[in-house]
Amino acid sequence: MNLLKKCYEKNGILIAAHRGTNGGNILQNTSKAYLNSIRHKADMFEVDVIRSKDGKFFAFHDGQEPLVFGEKIDIRTLTSDEIEKKTCYNSLNEPILQKVEKISDILEKFEGKSLINIDRSWFYWDTFLEKLKTYSSLDQILLKSPVKIELLEILRDSGLDVMYMPIIKTIDDLETVLSFEGIKTVAAELVFEDLDNPIVSEEVINRLHDKGLLIWANALTLSDSIILSAKIDDDSAIEGNGESWGKLVSMGFDIIQTDWPLLLYYYLTENNKK
């Protein structure tokens, strides 16, 4: 049995913290944010990946440069030395001592301490997968990507023994990944703008569970216009005492990604779901 399933059987509904738990003086996608998420009862934290100009991997979501660095640049055009020297700014737009961190340092620091969801690494699988092989605790990594045949083939041919979760938006995505062999698919992330999407039908949910897969929902609210879970999300959960999170659980989701892990934890424990 894989570590994700073991954690689910032990803890119930799993909580994934979006970019860790950040705010105040703690930057997103940093060790402090990840540690904070663990202390806020998350079972797993998400790590975004970028590759520097000279081929080094850092925990960062490209596009966040104006927020983190206070300027419109593309972090991917910088060398690793330039990235490590960049001044970062906190949520109050004040300069701080925290820096963007290397993926290797983060994985070493959290070895054996939490499940880790690796996001947005697929842009760099030509080199990233080989680097990931050097990590000594691969069993705690959940790797994800969109459903594209070329990506599935790269992962299969890499020989990397890692848990995998496809990002499924359509029935075609579903059929593609379920028919693909040679990778360790353990979960499925479902992204749906409305409840009419057949991927969240009871039939599909039951089918995924029958195949032994855990099902991931994104409750996080990225913006008012980006819809990941039919607006059954963090914002509506906070306004409605958690009922949105309860709706996701009742639909059959086993993993919920959130920006508010402790609030979700309280809701789940109070309702005997954790």
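**Ground rules.** I worked from a predicted model, in which local features need pLDDT of at least 70 and side-chain atom pairs count only at pLDDT 80 or more, while totals for chains, interfaces and linings use all residues. Residues are numbered from 1 along each chain as its sequence is written, and side-chain values use heavy atoms, with hydrogens and water left out.

**Aromatic pairs.** I looked up the ring pairs and found that the structure holds 11 of them, where rings of Phe, Tyr and Trp (its six-membered ring) pair if their centres lie within 6.5 Å, and planes under 30 degrees apart count as stacked, over 60 as edge-to-face and the rest as tilted. I noted that Phe45 and Phe110 have ring centres 5.0 Å apart and planes at 70°, so this pair is edge-to-face. The pair links distant parts of the chain, since Phe45 is in strand β2 (residues 44–51) and Phe110 is in the loop between α5 (103–109) and β6 (115–119), 65 residues apart; helices (H or I, at least four residues) and strands (E, at least two) are DSSP runs, numbered from the N terminus. Phe45 counts as buried at 0% relative accessibility, and Phe110 counts as buried at 2%, with buried meaning under 20% relative accessible area, exposed over 50% and partly exposed in between (1.4 Å probe, protein chains only).

I then turned to Trp122 and Phe123, whose pair is tilted, at 5.2 Å centre to centre with 35° between the planes. Trp122 is buried at 14%, whereas Phe123 is partly exposed at 46%. Both belong to a cluster in which ring pairs link Phe57, Trp122, Phe123, Tyr124 and Phe128.

**A lysine over a ring.** I found Lys86 over the face of Phe69, at 5.6 Å from the ring centre; the criterion is NZ of Lys or CZ of Arg within 6 Å of the ring centre and within 35 degrees of the ring normal.

**Ile238 and Ser244.** I placed Ile238 in helix α10 (residues 234–239) and recorded it as partly exposed, with a relative accessible area of 42%. Ser244 is in helix α11 (residues 243–251) and is buried, with a relative accessible area of 12%. Leaving aside neighbours within four places in sequence, I listed the contacts of Ser244 (heavy atoms within 4.5 Å) as Ile232, Asp233, Ser236 and Ala237.
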